[in-house]
Amino acid sequence: MPTTRDAASVEAQLAAARKLRAEVDAMSFVPPAAAVYDPLDYAWDAFSAYVRRFGRGRKRVVFLGMNPGPWGMAQTGVPFGEAAVVRDWLKLDVPLNGRPARPHPAYPVEGTACRRSEVSGRRLWGLFSGRFGTPEGFFAEHFVVNFCPLLFIAPSPRKNGTEGGRNLTPDRLPPELRTALYAACGEHLRAAVHALSPRWVVGVGAFAEARAREALCGTDVQVLRILHPSPASPASNRDWAGTVTRQLSEAGVWQA
């Protein structure tokens, strides 16, 4: 039975997300981005369902990602949310309430019907499902959020003259664009952490760890990093789940 504190935590997170959505949607990132997707706009129903179902009350650990992947949160509204995981394990088959304002032809948004694999999301949620069995087992003490809500797509012309694109991570934006973006995202992270009251914020990769340390400086929250599950990292392609389990166990976040 949800408590008053559970409801307050959820509403605080959603209010912070709405504020972040308004702030980032007022920013201009073109150029260098050919397209910018904000799932907090067109996948708000799915995102809010994720928070309402799984973000209730206090969490001991919050995992922090960088920003939506093109075949993950950009499709489903859930951080690291590969469509199959969101649909079949989290049981959040929520229709999109819109589409990106200016979609890129190389990155169509299809919601949980997307057949492309988000490898990082499959690995992350696969670790959680393997260790905890059910979503309820994982979310009893854990939650997953992203630092930045935006997917940036950079132009990448193809040899045949068609319009191509590539993922542009926030750290690759010019400094004058990053400053305001990081400030808004840092404020959102502090609000989410205040609502969830975690002991640990675990940065999934170096970028997320750095942003968490910056945003949460002066608080009692302990920040650490785990190896990012991206297939672009050779280390991540060698027993990523085993490596991360050891990292979390050695830090005292999980029991060995």
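This is a predicted model: local features need pLDDT of at least 70, side-chain atom pairs count only at pLDDT 80 or more; totals for chains, interfaces and linings use all residues.
Student: Which lining residues are the closest to its centre?
Tutor: The largest cavity is lined by 16 residues, and the closest to its centre are Ala 17, Phe 47, Val 145, Asn 146 and His 188.

Student: Which elements give two or more residues to that lining?
Tutor: Those elements are the helices α1 (4–25), α3 (44–54) and α8 (175–196), together with the strand β3 (142–146). Strand β3 gives the most, with four residues.

Student: How do the lining residues divide into nonpolar, polar and charged?
Tutor: The lining of the largest cavity has 13 nonpolar residues and three polar ones, with no charged residues.

Student: Changing topic to α8 and α9: at what angle do their axes cross?
Tutor: The axes of α8 and α9 cross at roughly 75° and come within 9 Å of each other. An angle of 65 to 115 degrees counts as roughly perpendicular, so α8 is roughly perpendicular to α9.

Student: Which residues meet there?
Tutor: From α8, the residues are Tyr 182, Gly 186, Leu 189 and Arg 190, and they meet Phe 207, Arg 211, Ala 212 and Ala 215 of α9. The residues of this contact divide into five nonpolar, one polar and two charged.

Student: Which residues of α9 are buried?
Tutor: In α9, which covers residues 206–215, the buried residues are Phe 207, Ala 208, Glu 209, Arg 211, Ala 212 and Ala 215.

Student: What do those buried residues pack against?
Tutor: The buried residues of α9 pack against helix α8 and against the strands β2 (61–65), β6 (200–204) and β7 (222–226).

Student: Now Val 193: where is its place?
Tutor: Val 193 has its place in helix α8.

Student: Is Val 193 buried or exposed?
Tutor: Buried means under 20% relative accessible area; Val 193 has a relative accessible area of 8%, so Val 193 is buried.

Student: Leaving out residues up to four places away in sequence, what does Val 193 touch?
Tutor: On that basis, Val 193 touches Pro 198, Val 201, Leu 216 and Val 221.

Student: And what separates Val 193 from Glu 250?
Tutor: Val 193 and Glu 250 are 57 residues apart along the chain, and 23 Å separates their C-alpha atoms.

Conventions:
Residues are numbered from 1 along each chain as its sequence is written. Side-chain values use heavy atoms; hydrogens and water are left out. On a 1 Å grid over the protein atoms alone, a cavity is a set of points where a 1.4 Å probe fits but cannot get out, and a pocket is an open set with protein on both sides within 12 Å along at least five of seven lines; lining residues have an atom within 4 Å of a point. Ala, Val, Leu, Ile, Met, Phe, Trp, Tyr, Cys and Pro count as nonpolar, Asp, Glu, Lys and Arg as charged, and the others, Gly among them, as polar. Buried means under 20% relative accessible area, exposed over 50%, partly exposed in between (1.4 Å probe, protein chains only). Contact means heavy atoms within 4.5 Å. Axes are lines fitted to C-alpha atoms, for helices over the stretch in contact, and angles run from 0 to 180 degrees between N-to-C directions. Angles under 35 degrees count as roughly parallel, over 145 as roughly antiparallel, 65 to 115 as roughly perpendicular and the rest as oblique.
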